[in-house]
Amino acid sequence: MVSQPDYNDAPLALRGPSSVVSARSASRHHASTRSRRYNRSYAGGTSYVPQNEFPIFNHSGDVEIIISAGGKINRYLLHRHTLTRCSGFFEASTSLEWSKAGAPALPEPSSRELSRIGEETGSHHGGGEVARPAAASPGPRRRWRYELDPGVDGNDIPMLVQKDANMEDNTSMKDQKLQPKSTSLFGGGTSPTSATVSRRKGSHASTHSTSSFFRSVANLSFTPSKTETVDGPPLSQAAADLLRDYDNLFRIFYNYPPILDGISIPDAYVQCKSLLSLADQYDALAVVGPRVDHHLLQFQGRLWKQIAKYPVSYLRLGYLSRSKVIFQEALIHVVGQWPAGERSIRTSFPKVVLEIIEDKVEELEEIVSRVEGRLFRLSLTNSRGERVGPHTSYLDWLAVSLFRQWLADNTSPPPTVRPPSAPSRNYNSSGSRHSRDGGSRLPPPLAPNTVVPTTTFPSLAAVGRTYRTLGSASGSSYLGHDECKRFLKLTPELYSRDNLRRFEKRIEELKRAARDIVRPLMGTGLELELDRVANGTNDPPPGTMNYLTCIQVQERDLPWDGD
C-alpha cells in the first residue's frame, strides 16, 4: 500500500535556510532586548528631555545669552545665523575680527571604547570601513557667550558683553573633575567600574546610540534653565522692564509676537518706546519696528487721539519704528502747531527729520500766504458791478473795513509795547540829551506806551485758528450781531434798524466769499479727521485741534525712504 499524507493534522511550519532563521531569531532577540532596555523604569532618578525650541535650542543653538537683573536670570541659547540677520551688533561681534568664540571640549571616549565601536560598526557594514564617532555626532555648536553688563553706576546703559566661551567651559569641566561622584543621566551615582560593566553589557549598541549618548551628556552640561531666581529683594520695576525688553527683542528675532500691553495706550507706548530704544542700541530697528507698528495700529481711533495730544513723542516713535502711518499723523500735528515744541525737536531728532519738518512748514506758510493775500483783496460790489468805496457806498465800505480789520488783528502777532522809563533831567529844551563829554547828542527816549515795530511773524497755530474760524460752516463765531451793532453805533447818524440789517447782510456776503477762499486750507491728511471729511463738514470735532492739517506727506517725504 502507498501511504497518503494526512492533511487534517496540524500544518507544519515552513522553515527556510538556517542563515535566514538565525537572522530572524537574532533580530527578534535584539528587538526584545532593546524594548526591555528602553522601557525599563527609572524610579528614583530624574529623566532628562533636551529642549530644542525658543528660548533654549540645545541641539542647534550656538550663542548663549545671560540676562540678569534684580536677582533674576534669563538664559537663552540661540542661533548665530538668526541673530546676525536681525541685529548688526551680533553680526559685528560674532565676526572673525571681534569674536571670542571657541568650541567647548567634549568628554572623549577611551581607546577601548573607540575600538569596540569600530568593530560593531564594521560588523554592521560588512567590515568595509570603521565609523568615526566625531563625524557621526558633531559636538555642541555653542561657540559664543554674552552676559549683560549693568555698568559702573546707574547712569550707564546695560549692554551685552561677549565672554570667552572656552574659559567658561574649562572652568565647568574642572569643577566636574573635582567632584567625587558624577551624576548620571538618570539621576543615580555611577563609578568607572559600573560604567565599564554597562558598556560590556551593551556591546551590541550601534554607533548612533553611542554618539547620541555623548551628545546628550554634552547637552546636559550646557543646558541652562530659562529663568533662575536668586534669593533677595523683590524685583524692581526697572529690572522687570529690562528683562521684558530683552525677552521681547529675542522673541521678535524668532518671529514670536512681543508681550506688550493691548489695553492701555499709555502703557503700550512706554513699553514700545523702551523696546525700540533697546533695538536701536543693538541695530535691530528694521526687524523690531514693524512689530511695534503692528501692535500700536490695533488701537485705531484711540491711537489717533493720543497722537494729537503728544505729537512730538509719537513722531519720534514713528521714526524709530519706521511706521509710515504714525510718523505721518504726528508730523501733520507738529507742522500745524509750529513752532510749538521746536526746542525739544531740534535737540532730540536727527537732521533728516528736521529738514522734513522745515520743508513742510515752508510749504504750509506758502499756502497760507497765498490765501491771506486773496482775503485782504476781498471786496464788495454795488448794483453797477463797481467796487464799493467811501464815495460810492459808504455803508458797504464800512463792512469791508470791519472785516479786514478783524482779519488783520487775528493773523498778526500782538504788538510789542515798551514799558515807561524813569524820567531824567539831562535833557535840554530841544529834547536832546547831552553826553558826558559835551559832544554828541543822543536821541530822546520814546514816549511811554509807544508801539515798537516788530519783524516777528505769527505762529502757524495762531493763524490756523483764524482760518479754521473763517472756514467754519456757520460763520457765527465771529463778527456777529452784537459786534456789528457796536461798530455801527460809532457813527450815530448811520445807525438805524434798516442800516444794521443791511450791514449784517453785507458782512454775511464777505463771510461766504472768505469761506470759499480758505477751502484749500480746510483739507486734512489726518486719520483722526477722516470721519469729519466723510460727513462733509468743515467744523473740527469738539475738543480737537484748531490748527491747519492740510499738508500731505508723500513717500518721498519719509526719512527712511533712501535706506
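Q: What makes E355, D359, E362 and E365 a negative surface patch?

A: E355, D359, E362 and E365 form a negative surface patch, because Asp and Glu count as negative, Lys and Arg as positive, with His and the chain ends not counted. Patches are made of residues with over 30% relative accessible area and no salt bridge, like charges being joined within 9 Å and nonpolar side chains (Val, Leu, Ile, Met, Phe, Trp, Tyr) within 5 Å. The place of a charge is taken as NZ of Lys, CZ of Arg, CG of Asp or CD of Glu. One of these residues, E362, is in helix α16 (residues 351–376).

The model is predicted: local features need pLDDT of at least 70, side-chain atom pairs count only at pLDDT 80 or more, and totals for chains, interfaces and linings use all residues. Residues are numbered from 1 along each chain as its sequence is written, and side-chain values use heavy atoms, leaving out hydrogens and water.

Q: Why is E64 called buried?

A: E64 has 4% relative accessibility and therefore counts as buried; the term means under 20% relative accessible area, while exposed means over 50% and partly exposed in between (1.4 Å probe, protein chains only). E64 is found in strand β3 (residues 63–69).

Q: How do you know that the side chains of E64 and R145 make a polar contact?

A: The distance for the side chains of E64 and R145 is 2.7 Å. A polar contact is a pair of N or O atoms within 3.5 Å; within protein, one must be able to donate a hydrogen and the other to accept it, and residues adjacent in sequence count only if both atoms are side-chain atoms. The pair therefore qualifies as a polar contact.

Q: Why is the pair R346 and E342 called a salt bridge?

A: The closest N and O atoms of R346 and E342 are 2.9 Å apart. A salt bridge is a side-chain nitrogen of Lys or Arg within 4 Å of a carboxyl oxygen of Asp or Glu, so R346 and E342 meet the definition. Both lie in helix α15 (residues 342–348), four residues apart, about one turn of the helix. R346, at 39% relative accessibility, counts as partly exposed, and E342, at 25%, is partly exposed.

Q: What does the salt bridge between R468 and E529 tie together?

A: R468 forms a salt bridge with E529, with the closest N and O atoms 3.3 Å apart. R468 lies in helix α18 (residues 460–470) and E529 in the loop between α20 (497–517) and α21 (530–534), so the pair ties together parts that are 61 residues apart in sequence.

Technical notes:
Accessible areas come from the Shrake-Rupley method with a 1.4 Å probe; for residues, only the protein chains shown count as cover. Helices (H or I, at least four residues) and strands (E, at least two) are DSSP runs, numbered from the N terminus.
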